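Please keep the sequence and the structure open beside them as you go.

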Amino acid sequence: MTSITIRAATPADLDRITHIYADAVTHGTASYELEPPSRAEMGQRFESLMAGGFPYLVAEKDGIVLGYAYAGAFRPRPAYRFVVEDSVYLAPEAKGHGIGFKLMQGLIEAAEAAGFRQIIAVIGDGRPDSASVRLHEKLGFRHSGRLEGSGYKHGRWLDTVFMQLPINDGALVPPDPKSLPEQTFRQQNK
């Protein structure tokens with residue numbers, strides 16, 4: 001059996017990424033978008049994350065992308081620069097096979113290497129039994145908040161759950177001046 005490869009995403013992966021996300025938007029509740037974005041829009045989102053130095057990974061088997069995960073800015077204010085928000089999406093046929101776990105492990109490692117301090121999961125339809133909540137719990141994320149009835153999709157109200165994972169000693173030590181978020185901040189404020 002061929003194993004799953006976790007690697008950095010490239011522009012060549014965007015057709016498949018767009019397809020995977022379109023399925024999640026159309027049939028799922030993880031994203032609160034109601035209409036799937038176009039390939040061009042997904043390309044712009046990808047380029048924006050790449051320009052910011054954020055990690056963007058895909059899981060591939062036999063040359064087929066089965067899922068993707070990325071970290072992006074949690075909020076635009078500069079004091080949030082050490083915090084990223086994660087996103088992970090899988091093709092329907094890839095769910096339940098541990099691929100999301102492998103993607104998230106790679107994403108956590110990449111965020112640590114860049115010098116971020118917190119990863120925030122903003123989980124749409126955050127029921128306690130949801131696959132995303134369970135995945136983040138397995139990875140050591142802790143629950144940090146719930147917005148009740150904050151989204152309306154597929155004819156029902158959805159709660160949004162916040163989960164948080166401290167990395168690189170979280171808030172226990174000062175930021176590393178050599179980290180990506182600090183270097184980017186200094187470059188922008190010259």
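**Notes on helices, sheet and pockets**

1. Helix H1 and helix H2, the latter made of residues 39-51, pack against each other at an angle of about 110 degrees, and their axes are 10 Å apart. The two helices H1 and H2 are therefore roughly perpendicular to each other, since angles of 65 to 115 degrees are counted in that class. Please bear in mind throughout that this is a predicted model.

2. Which residues make this contact? On the side of H1 they are Leu14, Asp15, Ile17, Thr18 and Tyr21, while H2 brings Arg39, Met42, Gly43, Arg45 and Phe46. Sorted by class, the residues where H1 meets H2 comprise 5 nonpolar, 2 polar and 3 charged.

3. The strands form an open sheet of 7 strands, which follow the order E1-E2-E3-E4-E5-E7-E6 and show mixed pairing. Strand E1 (5-8) and strand E6 (142-153) are found at the edges, and each has a single partner strand, so one side of each has no neighbour in the sheet. On average, and with direction ignored, neighbouring strands of this sheet are turned by 25 degrees against each other.

4. Two helices that pack on the sheet deserve a careful look. Helix H1, residues 14-27, touches strand E2 (56-61), strand E3 (64-73), strand E4 (83-90) and E6, and the direction of H1 makes about 80 degrees with that of E3. Helix H3, residues 99-114, also packs on the sheet, where it touches E1, E2, E3, E4, strand E5 (118-124) and E7, and the direction of H3 makes about 155 degrees with that of E4.

5. Strand E7 (residues 156-166) can be followed through its pairings. With E6 it pairs in the antiparallel sense over 8 bridges, and one example is lysine 153, whose bridge partner in E7 is arginine 156. Another is arginine 142, which has glutamine 164 of E7 as its bridge partner. E5 and E7 also run antiparallel, and they are joined by 7 bridges; here valine 122 has phenylalanine 162 of E7 as its bridge partner.

6. How many residues lie between E6 and E7 in their hairpin? There are 2 residues between these strands, and histidine 154 in the turn has a positive phi of about 55 degrees.

7. The largest pocket has a volume of about 1300 Å³. It is lined by 47 residues, of which Ala30, Val88, Tyr89, Leu90 and Ser132 lie nearest its centre. The elements that each give two or more residues to this lining are H1, H2, E3, E4, H3, E5, helix H4 (131-138) and E7. By class, the lining of the largest pocket holds 21 nonpolar, 15 polar and 11 charged residues.

8. One of the residues nearest the centre of the largest pocket, Val88, belongs to strand E4. Apart from its neighbours within four places in sequence, valine 88 is in contact with Tyr68, Ala69, Gly100, Leu103, Met104 and Leu135. The C-alpha atom of valine 88 is separated by 19 Å from that of alanine 114, and these residues are 26 residues apart along the chain.

9. The second largest pocket contains about 350 Å³ of space. Its lining is made of 18 residues, and those nearest its centre are Phe54, Ala73, Arg81, Thr184 and Gln188. Which element gives the most to the lining of the second largest pocket? That is helix H5 (residues 180-188), with 5 residues. In the lining of the second largest pocket, 11 residues are nonpolar, 4 are polar and 3 are charged.

Methods. Residues are numbered from 1 along each chain as its sequence is written. This is a predicted model: local features need pLDDT of at least 70, side-chain atom pairs count only at pLDDT 80 or more; totals for chains, interfaces and linings use all residues. Side-chain values use heavy atoms; hydrogens and water are left out. Two strands pair if DSSP finds at least two bridges between them. Helices (H or I, at least four residues) and strands (E, at least two) are DSSP runs, numbered from the N terminus. Axes are lines fitted to C-alpha atoms, for helices over the stretch in contact, and angles run from 0 to 180 degrees between N-to-C directions. Contact means heavy atoms within 4.5 Å. Angles under 35 degrees count as roughly parallel, over 145 as roughly antiparallel, 65 to 115 as roughly perpendicular and the rest as oblique. Ala, Val, Leu, Ile, Met, Phe, Trp, Tyr, Cys and Pro count as nonpolar, Asp, Glu, Lys and Arg as charged, and the others, Gly among them, as polar. On a 1 Å grid over the protein atoms alone, a cavity is a set of points where a 1.4 Å probe fits but cannot get out, and a pocket is an open set with protein on both sides within 12 Å along at least five of seven lines; lining residues have an atom within 4 Å of a point. Grid points are joined across faces, edges and corners, and a volume is the space filled by probe spheres set on the points.
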